[in-house]
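Please prepare a briefing on the model shown here, with the main points grouped by topic.

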Amino acid sequence: MTMAKAKDMTGSSTVAKINLGQLARDNGTFLALIALIVINMVITPNFLQVQTLYVNLTQVATIAIVAIGMTLVIASGGIDLSVGAVMALSGALAPFVFLSEFGMASPGLALVLSIAVALLAGLLCGMFNGWLINQFAIQPIVATLVLFISARGLAQVLTNGNLQVFDNPAFEFIGSGRVLGIPFQALMAVVFALILSWVVRRTAYGRYLLAVGGNAKAARLSGISVNRVRLATYAICGVLAGFAGMVVSAINSASDANQTGQLMELDAIAAAVVGGANLMGGKAPIIGALIGAAIIQLVKYTLLANGVHDAVALIAKAVIIILAVYFQFNRAE
Amino acid sequence: MVETPVLKMTAIRKSFGDVPALTDAALTIRPGEVHALIGQNGAGKSTMIKILNGAYRKDAGEIELDGKPVRFSSPHEAQLGGISTIFQEVNLVHYRSVTENIVLGQEPKKFGMIDWPKAHRRAEEVLQRFGLNLDVRQPLHHCNIAVQQLIAIARAVSFDARLVIMDEPTSSLDSQEKQVLFRVIRDLSAQGVAVLYVSHHLEELFEVCDRVTVMRNGSMIATHEMSDVTKLGLVSEMIGRDANQIAESGATGFGKTHAGSKTVVLELQSLSNGTNVKDASLIVHLGEIVGLAGLLGAGRTETVSMIFGADQPAGGNMAFKERRSFFREPADAINAGIGYCTEDRKAEGIIPGLSIRENLTLAMIPRMAKRGVIPRVAEREMVADFIDKLSVKCAGMDQPIRELSGGNQQKVLLARWMATQPDLLILDEPTRGIDVGAKREIQTLIEGLSAAGLSVLMISSEFEELVEGANRVVVLQEGKTIATLTGDDLNEDNLLAAVAGEAAGAAV
């Protein structure tokens, strides 16, 4: 009788332990972010300064915006290597429009048009990726390699490979403006994340996306057009990359086809994976991508602010990705 | 004197999670004999092979090779121990030379480098044992499939195999190539190498095998000398029906309360797909349950997936209601009023990571969504309604579907199609892998739907399900409709005879 009772009690305490572990695992990313912030408060000089927050928010926004799109693509069971190159193209196209003769003549219209053209370029690039994957049944990693190479090339041709410096305060607002004291692009990252996480949860497209990524065969047999879902997903990812490209140009007051978005595809994939995206598809943790981007940014910043070499920062990033994947496998069990 | 068998497996047990795959499997193979292993889908043949070659670990039981107990933990170990497996899909390295494929993993070495002249010689020797003279330096993919298969066998034998396992070796061979393979098998046997031959083409067994073991539901049913059995006898053992004994009625949840009318809902004429479906024809009337029977490989699943637009036919005609053409995509078929519950729930049915709710309403989303947004309340009400109506056992509608039992998953998938209110519901083995209780519930449910005017086309390998459930049963053999049984003709004897292809009396 007492033995049974004792056994029962140990049993229930194990249950409690598992739940605690589960909690840590489910919210691991968030806890890691908190831990990073606490560590920084202790070791990094001047960490709790408003200036530090601004620097980080400004830098994290582009990664976050691209990572949101990447999360959708990964949810569909794919991957998009072209985002960095698309950023370079869109980032070069916008100034190209408002620096033209027409742009000089009617600056107001040109501003709107330049943004529209940059976003449209992102959209078309994304649709091209989706079309390539659908039409020829190519693996996404190969299909998006096409634009990974050629979109940047196109941007370089457009700008003759030169830095295009401009002075356009209205456009620069995208990269250095503030709304209620918050950097505009950080605000946009949050807006995009909120909209798309609503889309994933509540719309037909969101449901289709998770179904296609979770089991494409079953999705097709349930009447879902797998091709259309893919096309839309890569298109959204392209538009977001296009926006991020403009942000980079606006921050620098110059477009740089050679440097804009370099290695962004890797940062974005890393942020998505750290945020809980599963490379097998079927999961779209958009808010997770925001947190993942913040973690990557913060690690970079921590090392930099403490005088650690850039190359070491890259290694640290690799460790984070390995940890994220490790925890993901544990979660899967 | 009793000869020591080359292989003796006794009381083998294996479960995957809670699902038992083998309960009491046994197999004894004599040296140099060609031994057939047959059984329906899910009987445990492939699990048996995988345990034998070390790909799976057995839960219990004994395996003896040449009288000595063995335990292989990988296919490679099994190969070194004398058991080689040749899988359905030839798994060789296509872009490498014939020699490399044969010596792979046991290359002759000289000073740490591969001794190519010796390797080529060895490859040639091995192939000559099978009367094959070809350039061993050419890349493998230059050879046709039959030759590739022979190379796979040659490779297996070059490991000094005592036993070669062949899993559906003739599936990609034409009749002439088959004869070459059979000759090789006889040669092997003459050289003292035993062959375990797994196939669902019963005629082949009579041509090449010495003995046969029949499996059903994870157990060994019987082992016979090939000369002692008939095709009909084998089929009845595979299916678990004695040809002379009719099962008592009431073994299923079906009761034939539905009648069916004269209005034709679906008509299929001479459907073919260019491969295994050659001449499939059938008619489904309004409110009728039509069974589709046949052995494994008869082309049943291929036929219904063409009806549903999931695969495109090579020939034939179809009429569904007023429409007189095939569907290009499943989405078109769904819009026209067809639902399709696939046989393989895991690969083609459920979206494992999504909840019961999301899985249940998947086919309904296009009709339910308003301007692309899913109405939350309406969705939850609909799901709650179905969970209640079908008594799905779950922790709640937001529980991931992968956590449910097979029977409850199947109920959710049935609900997915019921929600779309189709005119025709296609069910492929609707009660396979489901426990007895849920099975009855699902059968009763199907009966009820049909009584309410739904037409059902049901593939089943269970005779009692067909005889008690269906108004008519269409029998496919080798991709051809060979009989339609109805009324008094629809009994287990006739069905058994028709499925085995001895349907002289029963054909209509």
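Is F111(B) buried or exposed? F111(B) is exposed, because 5 other C-beta atoms lie within 10 Å; a residue is called buried if 20 or more other C-beta atoms lie within 10 Å of its own, exposed if 12 or fewer, and partly exposed in between, with C-beta atoms placed from the backbone. This is a predicted model, in which local features need pLDDT of at least 70 and side-chain atom pairs count only at pLDDT 80 or more, while totals for chains, interfaces and linings use all residues. Residues are numbered from 1 along each chain as its sequence is written, and chains are lettered from A and ligands numbered from 1 in the order in which they are written.

**Loop residues with positive phi**

- F111(B) lies in the loop between β7 (109-110) and β8 (113-114) of chain B, and its phi is near 50°, a positive value in a residue other than glycine.
- L180(A) is placed in the loop between β2 (178-179) and β3 (182-183) of chain A, where its phi is near 55°, again positive in a residue other than glycine.
- L180(A) counts as exposed because it has 5 C-beta neighbours inside 10 Å.
- Most residues other than glycine have a negative phi.

**Helices of chain A**

- Helix α3 (residues 50-75) of chain A has 26 residues and reaches 35 Å from its first C-alpha to its last, close to the 38 Å expected at 1.5 Å a residue; helices (H or I, at least four residues) and strands (E, at least two) are DSSP runs numbered from the N terminus, and the expected span is 1.5 Å times one less than the number of residues.
- α3(A) bends by about 35° at V60(A), the bend being the angle between axes fitted to the seven residues ending there and the seven starting there.
- After α3(A) comes G77(A), with a positive phi near 90°.
- Helix α14 (residues 286-305) of chain A, with 20 residues, reaches 28 Å from its first C-alpha to its last, close to the 28 Å expected, and is followed by G307(A), whose phi is positive, near 75°.

**Contact between chains A and B**

- In all, 19 residues of chain A are in contact with 24 residues of chain B, contact meaning that the C-beta atoms of two residues, placed from the backbone, lie within 7 Å.
- The largest share of the chain A side, six residues, comes from α10(A).
- That side divides into seven nonpolar, seven polar and five charged residues, where Ala, Val, Leu, Ile, Met, Phe, Trp, Tyr, Cys and Pro count as nonpolar, Asp, Glu, Lys and Arg as charged, and the others, Gly among them, as polar.
- G214(A), found in helix α10 of chain A, counts as buried because it has 25 C-beta neighbours inside 10 Å.
- Leaving aside neighbours within four places in sequence, G214(A) is in contact with residues including G281(A), I351(B) and L354(B).

**Strands of chain B**

- Strand β1 (residues 7-16) and strand β4 (residues 60-65) of chain B pair in the antiparallel sense over five bridges, pairing requiring that DSSP finds at least two bridges between two strands.
- E64(B) in β4(B) stands opposite K8(B), and the bridge partner of E64(B) in β5(B) is P69(B).
- β4(B) and β5(B) form a hairpin with two residues between them, and D66(B) in the turn has a positive phi of about 50°.
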